[in-house]
Amino acid sequence: MSAELMRLKAKDLVEECRRLGLKTAGKKAELVERILAARAKTTSTAKRPFEATTTNGHSNGSNKRSKSSDDGWTAELTTLFHAYEDQDNAGYISEDGILALCEHIGVDAQHPVMLALSFHMTAQTMGEFTKDEFVAGMKALECHSIEDLKAKMSVLTSQLKGDAAFFAKVYAFTFGFAKEKDQKSLAVDSALALWEILFPDRFQLLPDWLAFVKEHHKNAISKDVWTQTLEFTTQVKADLSNYDENSAWPVLIDDFVAHMHDAKKTK
């Protein structure tokens, strides 16, 4: 149904919105979402009397109504999912769909908040969302529409910046999310790109760290190195004065600190 609507011209979508008594302003994808949501609501309303009663005509009680309400939310979000679904790969929002979603919620695809969104969706693979992931994530964020999700982005962005525990959860999630599923470690190029996205406001030595890893470390990044890199950014001062080389830091971090000390001596 969503693919059929996306093929319509904007003026035809506007006419359909008028027919349904909906607002006609907005981008094409917003008009499609509005129409799909209205149709889903109509279908849900038509079914509700039968879902709310038993075979003898008596009410099934609050649990049944709650289930009906939740089912309506699922249907609503499933309809929304279809607006971004890959037409060649049913059941998935792929790269083009994610880029369209980012445009509609006003977020750059490389912004760290997209990792927070993927965390809430418990996404398993970078660059795609399954239908179940999308629906569950929207529910976890208490979103019914793209407008709801757009408003939630500023909340997640603030949470990433101000809540160290939440940032740590998103950071830990990102390792498994970004690595190849048949590998235990994360490709070094992927790790470098993700550190550049996640650490700009958290790690004063980030440019030096990225340059050092790029030049001196050709192997994949283990989970231990990934995890302790975050600990290094939070526990060690920018001048490295409180770094304890006798602590159980990974060799890569030990080597980086030694490199920074040597560089300081040669200045």
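Author: The model is a predicted one.

Reader: How many of the residues are buried, as a percentage?

Author: A residue counts as buried under 20% relative accessible area. Of the 267 residues in the protein chain, the buried part is 39%.

Reader: How many helices and strands are there in the protein chain?

Author: Both kinds of element occur in the protein chain. The count is 13 helices and two strands.

Reader: Among contacts between residues at least 6 apart in sequence, what share joins residues at least 24 apart?

Author: A contact means heavy atoms within 4.5 Å. Among contacts in the protein chain between residues at least 6 apart in sequence, the share that joins residues at least 24 apart is 59%.

Reader: How many disulfides does a search of the whole structure find?

Author: A disulfide is a covalent bond between the sulfur atoms of two cysteines. Cys102 is buried, at 2% relative accessibility, and Cys143 is buried as well, at 0%. For disulfides, the search of the whole structure gives a count of zero.

Reader: How many aromatic pairs does the structure hold, and which parts does the pair of Phe81 and Phe134 tie together?

Author: The structure holds 19 aromatic pairs. One of them, Phe81 with Phe134, is tilted, with 5.8 Å centre to centre and 55 degrees between the planes. Phe81 is buried at 0% relative accessibility, and Phe134 is buried with a relative accessible area of 0%. The two residues are 53 apart in sequence, so their pair ties together helix H4 (residues 62-82) and helix H7 (residues 131-140).

Reader: Why is the pair of Phe232 and Trp249 classed as it is, and where does each residue lie?

Author: The ring centres of Phe232 and Trp249 are 5.8 Å apart and the planes meet at 90 degrees, so the pair is edge-to-face. Phe232 is buried at 2% relative accessible area, and Trp249 is buried at 12%. The residues are 17 apart: Phe232 lies in helix H12 (residues 223-235), and Trp249 in the loop between H12 and helix H13 (251-265).

Reader: Which ring does the charged end of Arg202 sit over?

Author: The charged end of Arg202 is 3.6 Å from the centre of a ring. That ring belongs to Phe167.

Methods. Residues numbered from 1 in each chain as written. Predicted model: local features only at pLDDT ≥ 70, side-chain atom pairs only at ≥ 80, totals over all residues. Heavy atoms only, no water. Disulfide = S-S within 2.5 Å. Buried < 20%, exposed > 50% of the residue type's maximum accessible area, 1.4 Å probe, protein only. Helix = DSSP H or I, 4+ residues; strand = E, 2+ residues; numbered from the N terminus. Phe/Tyr/Trp six-rings, centres within 6.5 Å; stacked < 30°, edge-to-face > 60°. Lys NZ or Arg CZ within 6 Å of the ring centre and 35° of its normal.
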